[in-house]
Amino acid sequence: MGIARKSIIGFGGQVYMLVIGLASTILVARLLGAEGKGVLAIVAAIPSLALGVASFGIGPALAFMAGKDRFTARELATAALLWSMGLGAGLGIVLWLLRGILLGSVLTGLTSLELAVVIASLPAYYLNSFLGGLFSGHGRAVAVAGLSSINATLSLAAILGASLYAPRDTLVMVVALAIAAWASAMVSLATYGSGLSRSARSMAHVTRAIVPYAAKSYVGQAASMFFLRADVFFLNYFAGPSAVGVYSVATGLAEKLWLLSSPVSTAVYSAITGSERRDSLRLTTLTARALLVLNAVAGLALLALSIVLVPVVYGVQFSDAVLYLGLLLPGVVIYAVCQPYSQFYVGQLGRPETTSRLSAVMMALSAALYWILIPMMGAAGAALGSTISYSTAMIGYAWLMPRATGVTL
């Protein structure tokens, strides 16, 4: 199946996810209000940040090995499962031991019981992420689109079920979403369809192969997830869950643009990784230009619609989300355009350390901007800081690409 067809099929799946995702966020906003939606946004941000900061580059390493066909699917699936359980349990213990500090600062608004439920779901989020990397590495873009749609459907079903069982009860909704995460992970594992290896020797062999690559990609992965998700925790610390709730509407809408670009990135990943250098470079630059047009046009349309619809659909208390969305969109578009360049460095050149250094710069910049701007501007400061830090990626690749390839952006 060609890249264009894979992209179209993936795009169809992402459109479905867009509809389901919007339905979920609107329902949560209407049921729980700004504060309750803020609590759920924090709950969602915990596993997202965990996958970046505490997966230690295992996900990208598994995707790289899948793309290079260095191990059997059975061996890779087993490694993904074992690493998911180990990392999820380890991080869960750390979070629970630090719960007193966290619940009184960046996790303000959560209860101990809600945190415990999130901790119990961490291995499922790890497994979903690692298997997603394997699917992408194998070039199975259609499977990625289908599983993403299933994941979105399960999340919506969880929200609907929780709202019927106990309307306006945040804890029940957190439990339902945790169950949905585990169900999604099991579906992904079954869909991968490789079975599991029982050989300790093969697992040791896989581990020895992926750890060096994982170590090189870890800083970039951790830094990327930090500047993508840390804004929620900074904002919660300075302004509380209600501000996070309104801001999360803006970030949720802005990140819907990535639903348009991710099928393309998934479809081209294996080609960028496995092609000859010249063909890979041509595909990288063509993909980046296509994503610029696609996301810029969609971003303008999204902003225009949001001005009219956000106060009506979400409620008047979420009206300020339109301003935050306008501040976020330029950065979101630019960040999407940079993804093919990141794939080129990581997959084709095998130099994840380069993107790691760029991401580290972005992480440091975003932390400084959030610390300075949020106390002064509230959620608008978080949005502006995010756009500035996202834009740093474009500056970095504009400097890096000519030096590595002789080709400008």
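## Helix H2 beside helix H5

H2 and H5 are roughly parallel to each other, because angles under 35 degrees count as roughly parallel and the two axes cross at roughly 25°. This comes from a predicted model. H2 covers residues 58–68 and H5 covers residues 112–137. Their axes come within 7 Å, and the crossing is right-handed.

On the H2 side, the contact is made by Ile-58, Gly-59, Leu-62, Ala-63, Ala-66 and Gly-67. On the H5 side, Phe-130, Gly-133, Leu-134 and Gly-137 take part. Sorted by class, the residues of this contact are 6 nonpolar, 4 polar and no charged.

## Helix H2 beside helix H3

How do H2 and H3 run relative to each other, roughly parallel or roughly antiparallel? The axes of H2 and H3 (residues 73–97) cross at roughly 180°. Angles over 145 degrees count as roughly antiparallel, so H2 and H3 are roughly antiparallel to each other. The two axes come within 11 Å.

H2 contributes Ile-58, Leu-62, Met-65 and Ala-66 to this contact, and H3 contributes Leu-76, Ala-79, Ala-80, Trp-83 and Leu-87. By class, the contact of H2 with H3 has 9 nonpolar residues, with no polar and no charged ones.

## Pro-212 in helix H8

Helix H8 spans residues 200–239, and Pro-212 lies in it.

Arg-201 is 11 residues from Pro-212 along the chain. The C-alpha atoms of these two residues are 18 Å apart.

## Helix H11 and its kink

Where is the kink in helix H11 centred? H11 runs over residues 277–313, and a kink of about 45° is centred on Ser-306. Just after H11, Gly-315 has a positive phi of about 120°.

Ile-307 is also in H11. The relative accessible area of Ile-307 is 52%, so this residue is exposed, the cut-off for exposed being over 50%. Asp-320 is 13 residues from Ile-307 along the chain, and the C-alpha atoms of the pair are separated by 9.8 Å.

Methods:
Residues numbered from 1 in each chain as written. Predicted model: local features only at pLDDT ≥ 70, side-chain atom pairs only at ≥ 80, totals over all residues. Heavy atoms only, no water. Axes fitted to C-alpha atoms, helices over the stretch in contact; angles between N-to-C directions. Helix = DSSP H or I, 4+ residues; strand = E, 2+ residues; numbered from the N terminus. Parallel < 35°, antiparallel > 145°, perpendicular 65-115°, else oblique. Left-handed = near helix turned anticlockwise from the far one by under 90°. Contact = heavy atoms within 4.5 Å. Nonpolar A, V, L, I, M, F, W, Y, C, P; charged D, E, K, R; others polar. Bend = angle between axes of the 7 residues up to and from the residue. Buried < 20%, exposed > 50% of the residue type's maximum accessible area, 1.4 Å probe, protein only.
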